[in-house]
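Please keep the sequence and the 3D view at hand while reading.

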Amino acid sequence: MSDPASALIDRCEAIVNDLDHTSVADWKRQSDGTERKAVGFLPVYVPREVIHAAGFLPVGVVGGGDALEIIRGDAYFQSYICHLPRSIIEMGLGGKLDALDGMIFPSTCDVIRNLSGMWQLLFPDKWAWYLDVPQNLSPRLGGRFYAHDLQLMAKELEGLGGLEVTPERLRGSIEVYDVHRGITEDVFALRREAPEKVPTWELYMLIRAGLILPVEDHSELMVEYLESASKRTAKRRDNPRVIVAGAFCEQPPMGLIRTLERAGCYIVEDDFSLGQRWLREPLRITDEDEPFGALAKAFLEHSAQGATRFHPDGEPKGEELVRQVRECEAEGVILASPSFCDPSLLDRPMITAALDREGIPWTGFKYAENTGQFQGIREQAGTFSDSIRLWSEAS
Amino acid sequence: MTIAAGIDVGSGAIKVSIYETGPDGAETRHALVAERIRRRDPTVVTRESWELALKHAGMVAGDVAYVATTGDGENVPWATGHFYGMTTHARGALHLDPTARAVLDVGSLHARAMKMDPRSKVLKYRMTSQCASGTGQFVENIARYLGVPAEDVGARSLQATEPEMVSSICAVLAETDVINMVSRGIDTNDILKGIHMSMSLRFAKLLRSVGADGVVLITGGQSRDVGLLATLREALAKKAKNLQVEVRNHEQGIYAGAIGAALWGAWRHDYLARKEAS
């Protein structure tokens, strides 16, 4: 009997693997001959609500993965930085991002900042925006700054031919994304409860499709998936429950995620899609709330404690990961960082110190989006899985 | 008493074991099955081997409390859990020879040396690189080219008088070496021992790099090859004199992975039962 959830994932896979963004081009074409606009954004976090309120399609751009050979992109970046920017340049020069009318570069790290400059030099006719997110978490300083920054971005989008981002329109978009956030968390909750029903490679594909599809369509897709996957009768195996952390920007190849699962791990939480789950709570905006301020407040108060967000001195890093381990009843953590990813790798010593303090087993490795050999990772994940199940109690 | 099964899905053969463990630590064997894949669908061979093992044990699937897979058996649908090959070979080796403190697992496509503690916890390991030279599949291919049945390779190697080494780095080069030897009229027994010598040199390096100490048990598909055992002992005596090791093999060495999987499966079953009860 065919599995409806698998069919949905096949659909997602086709959308994600289409590096030419055909579905975006299709969305832009309207029946009356006019054309809508789409704006790309890079990881980690961009408030898609603002783009949506301008009537544009927000499209997450995370590189070509292992399906794109980098030839020209390598010429623009040093060998000692991550793979993502060279992949984005390769896509741009190869016309794979032509469907996008503009690009937003959030202040994730120096590399993304440099990429934004390179992009503007290479594609001067394309609209580009560098989005500064606050590193001062005081509402009076960082909050005001960020709300103002978002208003500037909204004005720019209007200038690109978008709708005026009125408070009413932005409130409407926030509500749409609140629904999306709720459903997203429901899917992740099902995986936590029954990882045998929601393999992480499937969930990853489902969420990645959400970077491309209109939010309303993606919400419907997730509801359908949730209904189908929850009815599955898969056998639960004696696999350890693990969290994968550190892979929040440059994405691992699908083969790596499959390898971790095949090696006998149930991934019950991950940060592959951190940007899409950046705001941890629904905004529940009212007609009285000023929506730009509400987005800024949510960023300051309810956002994920990722490596790209300022962390005040005195609060040990890794505490959120430890809390996640407890909440998810995870038995270990796999730290997967892109090679040369400063935010991920610089946090690792503090994170491992926090895990060690709590006696939580962990292992770590590095990858690139085009990593093709998984035998080493298979061994590492397999022995980690065995060590959790056989030696954490027996040793 | 806990009944558990181990299914070792290898590149060349499927091995299945069914064991019963008791609270006193007794480990009783009920079935051991090995079936060559021989270009068939491995999933079909796995299913058939499993059913044959159940038949040998006089059991039905429901009698088995935990089915553990190892090797490439991650996707066996009826499995309860999966253990990594190193973990299971170490446990299987300890079962076959309780004095073993290191394992040399020589399979179809790779070989690996492991040093372990008295509980079979792997302390250090090294694997051969990606080239198939010096592994079971390579030996079998050469034996086939030479017209020697695989089961006779070891005995023929022992009869060699003037062996010649082949490349231990690359299977293609090694095959070329063998072709040259055949054309030069080198005796088949000498060619076979030359292959064993090359493999043993490589394995001696692996054992030295893990710091093997004490009894080393050969497991995997080549564990019954007496020619390999002899040349490995010679290689260690010549090239690793500082290693205090005694290399042994075992009649059931090929089943070590499947045995280890079954025994760990039984342990996990009992552990989970205790955890649930407490």
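In chain A, the loop between β1 (38–41) and α3 (48–53) holds A:V44. Helices (H or I, at least four residues) and strands (E, at least two) are DSSP runs, numbered from the N terminus. The peptide bond between A:P43 and A:V44 is cis, with omega about 15 degrees. Another loop, between β3 and α1 (42–57) of chain B, holds B:R38. B:R38 is not a glycine, yet its phi is positive, about 45 degrees. Most residues other than glycine have a negative phi, and most peptide bonds are trans.

The model is predicted, so local features need pLDDT of at least 70 and side-chain atom pairs count only at pLDDT 80 or more, while totals for chains, interfaces and linings use all residues. Residues are numbered from 1 along each chain as its sequence is written, chains are lettered from A and ligands numbered from 1 in the order in which they are written, and side-chain values use heavy atoms, with hydrogens and water left out.

**Sheets**

In chain A, 4 strands form an open sheet with parallel pairing, in the order β6-β5-β7-β8. Two strands pair if DSSP finds at least two bridges between them. The edge strands of chain A, each pairing on one side only, are β6 (266–270) and β8 (362–367). On average, neighbouring strands of this sheet are turned by 25 degrees against each other, direction ignored. Axes are lines fitted to C-alpha atoms, for helices over the stretch in contact, and angles run from 0 to 180 degrees between N-to-C directions.

Helix α13 (residues 342–358) of chain A lies across β7 (332–338) and β8 of chain A, at about 170 degrees to β7(A). Contact here means heavy atoms within 4.5 Å.

In chain B, 5 strands form an open sheet with mixed pairing, in the order β3-β2-β1-β4-β5. Its edge strands are β3 (27–36) and β5 (81–82) of chain B, and each pairs on one side only. Helix α8 (residues 256–277) of chain B packs on this sheet and touches β1, β2 (13–21), β3 and β4 of chain B. The direction of α8 makes about 140 degrees with that of β1(B).

| Strand pair | Sense | Bridges | Facing residues |
|---|---|---|---|
| β5 (residues 241–245) and β6 of chain A | parallel | 4 bridges | A:I243 and A:E269 |

**Where the chains meet**

How many residues does each chain bring to the contact? Chain A gives 18 residues and chain B gives 27 residues. The area buried between them is about 2100 Å², with carbon and sulfur atoms giving 48%. Buried area is the accessible area (1.4 Å probe) that two parts lose on being put together, summed over both. In chain A, the residues losing the most area to chain B are A:R237, A:D238 and A:W391, together 30% of what that side buries.

Across this interface there are 3 salt bridges, a salt bridge being a side-chain nitrogen of Lys or Arg within 4 Å of a carboxyl oxygen of Asp or Glu. B:E74 forms a salt bridge with A:R378, and their closest N and O atoms are 2.8 Å apart. Helix α14 (residues 375–394) of chain A supplies 11 residues, the largest share of the side of chain A that touches chain B.

**Salt bridges overall**

Over all chains the structure holds 39 salt bridges. A:E301 forms one with A:K297, where the closest N and O atoms are 3.2 Å apart. A:E301 and A:K297 are separated by about one helical turn because they are 4 residues apart in helix α11 (residues 291–302) of chain A.
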